[in-house]
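The sequence and structure come first, and the description follows.

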Amino acid sequence: MAVQSKKIALYVLVVFVLYVIITDPAKAADYVQIGFEGISNAAQAIGDFMSWIADGAKN
């Protein structure tokens, strides 16, 4: 039953994404840009943390 629920949720998500892309492509592009900026910021934070650890966790 849980697998069926996951399939339905995935289909609903795909339909929603396609609806947003078709009805308002500019807004969809903004959402993609926001997502990539978030990923970039997260990667930068992880890199900063790893550098801090490599430096011996000094301030």
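Of the 59 residues of the protein, 3% count as buried. The model is a predicted one. Its secondary structure consists of two helices and zero strands. The radius of gyration is 19 Å, well over the 10 Å given by the globule rule for 59 residues, so the protein is more spread out than a compact globule. Along the principal axes, the C-alpha trace spans about 50 × 35 × 10 Å.

Helix α1 covers residues 2-23 and helix α2 covers residues 25-54. After α2 comes Gly 56, which has a positive phi, near 90 degrees.

How do the two helices meet? Two packed helices are described by the angle between their axes and the distance between the axes. Here the axes of α1 and α2 come within 5 Å and cross at roughly 125 degrees. The residues that form the contact are listed by helix below.

| Helix | Residues in the contact |
|---|---|
| α1 | Val 20, Ile 21, Ile 22, Thr 23 |
| α2 | Pro 25, Ala 28, Tyr 31 |

By class, the contact of α1 with α2 comprises six nonpolar residues, one polar residue and no charged residues.

Definitions and conventions. Residues are numbered from 1 along each chain as its sequence is written. This is a predicted model: local features need pLDDT of at least 70, side-chain atom pairs count only at pLDDT 80 or more; totals for chains, interfaces and linings use all residues. Side-chain values use heavy atoms; hydrogens and water are left out. Axes are lines fitted to C-alpha atoms, for helices over the stretch in contact, and angles run from 0 to 180 degrees between N-to-C directions. Helices (H or I, at least four residues) and strands (E, at least two) are DSSP runs, numbered from the N terminus. Contact means heavy atoms within 4.5 Å. Ala, Val, Leu, Ile, Met, Phe, Trp, Tyr, Cys and Pro count as nonpolar, Asp, Glu, Lys and Arg as charged, and the others, Gly among them, as polar. The radius of gyration is taken over C-alpha atoms; the globule rule is 2.2 Å times the number of residues to the power 0.38. Buried means under 20% relative accessible area, exposed over 50%, partly exposed in between (1.4 Å probe, protein chains only).
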